[in-house]
Amino acid sequence: MDQNDRRLIIELEKGIALTHEPFAAIGLRLGIAEDEVILRIRRLRADGVIRKIRARINQRKIGIMANALVAWKPPEEWTGYEALASQPGVSHCYLREPVPGRWEYTVYTVHHKRTRDEVYDEVRTIADEIGIRDYRVLFSTEELKRTPAVRINDSTGDLR
């Protein structure tokens, strides 16, 4: 990956404009031809640097108002992690260390639905399917920040 690749990724992270020739516009800003922009994007995708290019949806604008983190406390012998992570309504699934004596939950999932009742229904269905009875549903009350976790720094080209 050279400096032009890094500059291209920085431009892509800003978003692709809804114009007739968005890659030509990016190339103009970078000082390279549209064809080179497209070739670089294809190569970066083939190399796995770019996983996908997609629209970023404002969930609240389309009625997704209930966002919840669910903390699960599976029994010690439980092995259903893949079954939990593969549930269609689970957008993120993490393992974390418990805080002994204070917080014993070790598995976390994230759910997005139109209403809290829909989230509760989904979580109950999953709980029945995977056999975990001890869980807590924690709803977001306000979005204070939402950005991708990893970006290429505009000034240095380093990951931040």
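1. Let's begin out in a loop. Valine 99 is partly exposed, since its relative accessible area is 38%, and partly exposed covers what falls between the 20% limit for buried and the 50% limit for exposed. Valine 99 sits in the loop that joins β2 (92-95) to β3. Keep in mind as you look around that this is a predicted model.

2. How far is valine 99 from glutamate 13? Their C-alpha atoms are separated by 36 Å, and along the chain the two residues are 86 residues apart.

3. Have a look at both ends of α1. At its start, aspartate 2 has a side-chain oxygen that comes to within 3.1 Å of the backbone nitrogen of asparagine 4. Just past the helix, glycine 15 adopts a positive phi of about 110°.

4. Which residues of α1 are buried? They are Asp5, Leu8, Ile9, Ile10, Glu11 and Leu12. The cover over them includes α2 (22-30) and α3 (34-46).

5. Glutamate 11 deserves a stop of its own. Its relative accessibility is 10%, so glutamate 11 counts as buried. If you skip its neighbours within four places in sequence, glutamate 11 is in contact with Ile26, Arg29 and Leu30.

6. On to α2. Its buried residues are Pro22, Ile26, Gly27 and Leu30. Viewed down the axis of α2, these buried residues fall within an arc of 140°, so they line one face of the helix. What do they pack against? The partners are α1 and α3. Just after α2 comes glycine 31, with a positive phi of about 80°.

7. How do α1 and α3 sit against each other? They pack at an angle of about 90°, and their axes are 11 Å apart. The two helices are therefore roughly perpendicular to each other, because angles from 65 to 115 degrees get that name. On the α1 side, Asn4, Asp5, Leu8, Ile9 and Leu12 take part, and they meet Glu36, Val37, Arg40, Ile41, Arg43 and Leu44 of α3.

8. Next, strand β3, made of residues 107-113, where you'll find histidine 111. Buried or exposed? Histidine 111 has 0% relative accessibility, so it counts as buried. Its side chain makes a polar contact, at 2.6 Å, with the side chain of glutamate 122. Leaving out residues within four places in sequence, the contacts of histidine 111 include Ala66, Asn67, Ala68 and Val70. Also among them are Gly89, Val90, Val119, Val123 and Ile126.

9. Finish with valine 110, also in strand β3. Valine 110 is buried, because its relative accessible area of 16% falls under the 20% cut-off. Not counting residues up to four places away in sequence, valine 110 touches Ala68, Leu69, Gly89, Val90, Ser91 and His92. And where is tyrosine 120? It lies 10 residues from valine 110 along the chain, with 12 Å between their C-alpha atoms.

Definitions and conventions
Residues numbered from 1 in each chain as written. Predicted model: local features only at pLDDT ≥ 70, side-chain atom pairs only at ≥ 80, totals over all residues. Heavy atoms only, no water. Buried < 20%, exposed > 50% of the residue type's maximum accessible area, 1.4 Å probe, protein only. Contact = heavy atoms within 4.5 Å. Helix = DSSP H or I, 4+ residues; strand = E, 2+ residues; numbered from the N terminus. Polar contact = N/O pair within 3.5 Å; in protein donor to acceptor, adjacent residues only side chain to side chain. Arc of directions from axis to C-beta. Axes fitted to C-alpha atoms, helices over the stretch in contact; angles between N-to-C directions. Parallel < 35°, antiparallel > 145°, perpendicular 65-115°, else oblique.
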